[in-house]
Amino acid sequence: MTRKNRLLEGIAASPGIVMGPAHVLTQEGQVSTRLLYTDQEVAEELKGFNRAVDQTEEELIRLRREIAEDLKEHAYILELHLLILRDRMLLLETQKLIKEQNFNAERALYQAFLKIKEVFQRIGDKHIRGRIQDVEAVYRRLRGHLTGRGASKTFEFPEPVIIVARDLSPAETTHMSSSQVLGFITERGGKTSHTAIIAHSLEIPAVVGLDNATLKIESGEEVIVNGVSGRVIVNPDEAMRRSYQVRREEFETFKWEVTQGSSLPAVTSDGHPTRVLANIEQPDEVSLAQKYGADGIGLYRTEFLYLGQRQLPTEEELFHHYRQVVWAMAPREVTIRTLDIGGDKFLSPLEYAPEINPALGLRAIRFCLKEQKIFRTQVKAILRASAFGQVRVMFPLISSPRELHDARLLLESVKGELAREHIAFDQKLPVGAMIEVPAAVTLADLLGREADFFSIGTNDLIQYALAIDRGNKSVADMYEPLHPAVMRMVRDVVQVSRKLGIRVAMCGEMAGDPLYIPVLLGLGVEELSMNPTSIPVVKRVIRMTSLSEATKIARRALALATVEEVNEYVNKEMDHRFPDIFRFGRPLVANRVL
Ligand code: PEP
Ligand code: MG
């Protein structure tokens, strides 16, 4: 008997609308609690565990090798899994529990995993905290080998299906092909989970974070997955199917139109040129930036090579990564941001050093000015890469002219070193300050004396201006890009830059959200750097906006006293001007942060 239609709500993780039969993946069994009684049993258990580690490693290396060409940019996830696999918290702890507590390997591994999970739960930064999913993926894979069940499922079905699972690891997701898997629904995960990111690249519609999905949906039931709205309809009736068809066609047409225009220049309808750049974290992402028509790289976050590593990257390693990006983007500009690490983004995610207020702690430029050896190595690699194209360097979290001055002094000293060694670099390498602390806004005129450009990092600027922890779910609804205080700060920085004749860009998430584009243009921001997937939609909004209208919108928004009024005004204005962008365009923008 077919059950009645049901509407379920989750989180839209990968845009697209599909319909098909559900295939529910069953859950894993319980962890065995068997104890070991003899030394020989312990020795065998340890041997079995070490074998499972080796098998897991071989499997990850094989997966990395076999990863499909169009997914190569995600190979770093498998690298990360290899690192996690060899992390001592997972390995040594498991071995210790086997030896000292006589736990069987499966239970010991589970306990070690729970301990790591606890550490992650205390981390303030939501993105780092979210990486527990990667530890869990490794744990599950390892456990699969331990229990002989294997961990990587390959997906083969007699007909294309919609997968419903508790969770899917990134590796499992990479094994899906869009001809076999129409879409998927998971109970776990959020917009920034790796699984969501990969689904986005594979263009497989997905809804994640749907509580008890595996219990609410049965295999074989017809399901509509709306990866735009986050809704799932089980057993749709005739009217629902018809409306599904209409929505799907509208969405596909919109997506096609937007992507078509992504290589066109971002000029406003009244002829003002702007620049739309990409934010990247990895050299591999350059191809995505190019695919979507980026005018350059406006923010190259460089933390990846430091995070999760047991050893610091060498100058050579850094240089090769940077040069790869610079070469690939030439002659377009690449803005390399120096290390933004410290606080809760510590050198290894498993070596978290607790601080009471990590966001206000030893982070970014503060960390680098203290750990000068690490900083010099990076600056040297950036300077060397600058000989191969158009490079700019920028320093994060600048809060005083002194900091900028000290960073510049170090840069000059490294230049001197390179010159003595007869190593080429760009003598005129532009130096920028990120404006992401309110003090930097207030002192922009002084910072401008030593900066060739500014880049407004709204992710942090909003956090520090409004005292809203950007990783704290409980205050997430107060994190308001259109807050009058934030808009005034952007306006002030633009005005100072104009007076001083230096370029100003914006590289926080705000710059990649179509909703804010006319306001930002109206405030005078002419360079916007964003997640590559945002570029087509943002360019479309820019091309459909005139600067004179944008100026009026910004002026009116600035005249309003409360954020509620600004939100209401801007939303109404944008909804009226760009109805399709608001139905489809915002979900097309992937929420991708390190
Ligand atoms: C920002 O703070 O807006 C920014 C771009 O830097 P990150 O998100 O890396 O802190
Ligand atoms: Mg920042």
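L397 counts as buried, at 1% relative accessibility; here buried means under 20% relative accessible area, exposed means over 50%, and partly exposed is anything in between, using a 1.4 Å probe and protein chains only. What you're looking at is a predicted model, where local features need pLDDT of at least 70 and side-chain atom pairs count only at pLDDT 80 or more, while totals for chains, interfaces and linings use all residues. Residues are numbered from 1 along each chain as its sequence is written, chains are lettered from A and ligands numbered from 1 in the order in which they are written, and side-chain values use heavy atoms, with hydrogens and water left out.

- L397 isn't a glycine, yet its phi is positive, at about 60 degrees.
- You'll find L397 in the loop between β12 (390-395) and α15 (401-420); helices (H or I, at least four residues) and strands (E, at least two) are DSSP runs, numbered from the N terminus.
- N102 is another non-glycine with a positive phi of about 60 degrees, and it sits in the loop between α3 (88-101) and α4 (105-121).
- With a relative accessible area of 25%, N102 is partly exposed.
- A330 and P331 are joined by a cis peptide bond, with omega at about 5 degrees.
- P331 belongs to the loop between α12 (315-329) and β11 (333-337).

**Around ligand 1**

- The shell around ligand 1 holds 14 residues, and the closest are R301, E436, G457, N459 and R470; a residue gets into the shell if one of its heavy atoms lies within 4 Å of the ligand.
- G457 takes part through a polar backbone atom, 3.3 Å from an oxygen atom of ligand 1.
- On its own, ligand 1 has 290 Å² of accessible area, and the protein covers 99% of that; accessible areas come from the Shrake-Rupley method with a 1.4 Å probe, and for residues only the protein chains shown count as cover.
- Helix α18 (residues 458-466) gives the largest share of the shell, three residues.
- Domain 3 (302-429) and domain 4 (434-594) each supply at least three shell residues, with domain bounds taken from an automatic or database domain assignment.

**The magnesium ion**

- Ligand 2 is a magnesium ion, and its protein donors are E436 (OE) and D460 (OD), at 2.0 to 2.2 Å; donors are N, O and S atoms within 2.8 Å of the metal (3.2 Å for Na, K and Ca), and water is not among the atoms, so sites may look incomplete.

- V232, in strand β8 (residues 231-234), is buried, with a relative accessible area of 0%.
- C-alpha to C-alpha, V232 is 9.7 Å from I17, though 215 residues separate them in sequence.
- I198, in helix α8 (residues 194-202), is buried, with a relative accessible area of 1%.
- I198 and H74 are 124 residues apart along the chain, and their C-alpha atoms are separated by 7.4 Å.

Technical notes. A polar contact is a pair of N or O atoms within 3.5 Å; within protein, one must be able to donate a hydrogen and the other to accept it, and residues adjacent in sequence count only if both atoms are side-chain atoms.
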